[in-house]
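Thanks for asking me to look this one over. My notes are below as numbered points, to be read alongside the sequence and the structure.

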Amino acid sequence: MTVTAPATETLSPLATRLADVIVSARTGRISLDVLYAAAHRADTSLAGADDARARLRAVCDELAEAGVVRLPRVGGTGWETLPRPALPRFVTRIGRPGLVTDPHVIGPATVKGWHADLHWVPAFLRDEYPTPGERAVLDGVQQFLASGGAGDVVPLQERSVRLTGDEKALGRLLRGRLFREGRLTRELLGVRRARWQPTSRHIGDGPITLVVENVATWESLADALPGDGTVGQVVWGMGNQLGVVLEALAEEEPEELSYFGDLDVGGLEIARRGEMTAESLGLPQLRPSTLYAWLLDEGEPQPANPFAGDITELIAWLPDGLRGAVADLLRSDTRLAQEWIGREQLVETDLRDLR
């Protein structure tokens, strides 16, 4: 039997590292303890992070949707349900003969005849090894279309929970193979992203959307930036909620994206995760603002908690010319808050070429 390994070129960096661990494991069933240990080795920011469990769950879902693993049956005993979100007690590797037996025939769980708009599904089920999440969505869409389809355009999460019982399932698949040309579309499902608008200020016609971590610096920049400069919009990044802000910006299709945050472990972690989120949403690359160089010149470093992780990986998002100075800052257990670049400094500076 010839087994085609699942494609992993579109996985996030953390998922890619866990996929390597899963593929090389001696057994086909990999326990949660092994996943935990591998994830913490790959990303030291998980240690003590409030969202560590949510991030690990997201990676497990990502690996399942990519066809690297199968998750336990929903509602079964294979889940550690508390604390939230639930995590699989184990995952089962797909695609390695001799250790994991894959089903020879992959078909829909409940569907016998497909709606005309889903004419492509039988070939997909036969040839492309759908994940459990994909099959659940397809079954849900079949029932949805058979009952009349979309009577209105609703937020993505509302349609998702009706189709699958999981409000996040459609969002995870929206940029995947189910939505390739000629397959599912937002119009067919009657979905849109919720109309939440980030806190932003229109500045002018410049191509750059500048996202700023903290609200005080956002306000000062919004007041000081000129209307004839390179920055056309300045957006509050809401600290750790940057991913939510970027999802909203994905509907606006900005020409360029720039980011400015604190020069400390937390701020750089937010930026690094934001870069991956922007890529997954199809946004322009999230680039470091030139304000970081100014912050290094203007700010006075303050004490910070020691960082025991990989500084090289943490600063990789920054341009080459800043990495050495930022590495020295972190190794000396100090930090620079972005508020050192404040209103008094901004109003005395020509900001037309800010990037």
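1. A word on terms before the sheets: two strands pair if DSSP finds at least two bridges between them. Helices (H or I, at least four residues) and strands (E, at least two) are DSSP runs, numbered from the N terminus. With that in hand, β8 and β10 pair in the antiparallel sense over 3 bridges, and S200 stands opposite V235 in β10.

2. Please keep the source in mind: this is a predicted model, where local features need pLDDT of at least 70 and side-chain atom pairs count only at pLDDT 80 or more, while totals for chains, interfaces and linings use all residues. Residues are numbered from 1 along each chain as its sequence is written, and side-chain values use heavy atoms, with hydrogens and water left out.

3. Now the overall picture. The chain has 15 helices and 14 strands. Its radius of gyration (taken over C-alpha atoms) is 23 Å, close to the 20 Å that the globule rule gives for 355 residues, so the chain is as compact as a globular protein of that length. The rule in question is 2.2 Å times the number of residues to the power 0.38. Along its principal axes, the C-alpha trace spans about 70 × 50 × 35 Å.

4. Buried residues make up 45% of the 355 residues; here buried means under 20% relative accessible area, exposed over 50%, and partly exposed in between (1.4 Å probe, protein chains only). The accessible surface of the chain (Shrake-Rupley method, 1.4 Å probe) comes to about 18,400 Å², and carbon and sulfur atoms account for 50% of that. Taking contact as heavy atoms within 4.5 Å, residues 24 or more positions apart account for 72% of the contacts with a separation of 6 or more.

5. Back to the sheet that holds β8 and β10. It is an open sheet of 5 strands in the order β8-β10-β9-β11-β12, with mixed pairing. At its edges stand β8 (200-202) and β12 (286-288), each pairing on one side only. From one strand to the next, the twist averages 25 degrees.

6. Which helices go with this sheet? Helix α11 (residues 265-280) lies across β11 (256-260) and β12, running at about 150 degrees to β12. Helix α12 (residues 291-298) also packs on the sheet, touching β9 (208-212), β11 and β12, and its direction makes about 20 degrees with that of β11. For these angles, axes are lines fitted to C-alpha atoms, for helices over the stretch in contact, and angles run from 0 to 180 degrees between N-to-C directions.

7. Another open sheet has 3 strands in the order β1-β5-β2, with antiparallel pairing. Since β1 (29-31) and β2 (69-70) are at the edges with a single partner strand each, one side of each is left without a neighbour in the sheet. Helix α2 (residues 32-42) packs on this sheet, touching β1 and β5, and its direction makes about 65 degrees with that of β1.

8. β1 and β5 pair over 3 bridges, with F90 as the bridge partner of S31. β2 and β5 (residues 90-93) pair over 2 bridges: R70 partners T92, and V69 stands opposite R93. In a regular strand the side chains alternate between the two faces of the sheet. In β5, F90 and T92 point one way and V91 and R93 the other, and all are buried.

9. Two buried helix residues deserve a look. S160, in helix α6 (residues 156-164), is buried at a relative accessible area of 0%. A polar atom of the S160 side chain lies 2.6 Å from the backbone oxygen of D166. E134, in helix α5 (residues 132-146), counts as buried at 3%; leaving out residues up to four places away in sequence, E134 touches E65, F124, L173, R177 and L178.

10. Finally, two backbone points to check by eye. M238 is not a glycine, yet has a positive phi of about 60 degrees; M238 is found in the loop between β10 (231-236) and α10 (242-249), and counts as partly exposed at 25% relative accessibility. D333, also a residue other than glycine, has a positive phi near 55 degrees. D333 lies in the loop between α14 (320-331) and β14 (334-335) and is partly exposed at 32%.

Note on methods:
A polar contact is a pair of N or O atoms within 3.5 Å; within protein, one must be able to donate a hydrogen and the other to accept it, and residues adjacent in sequence count only if both atoms are side-chain atoms.
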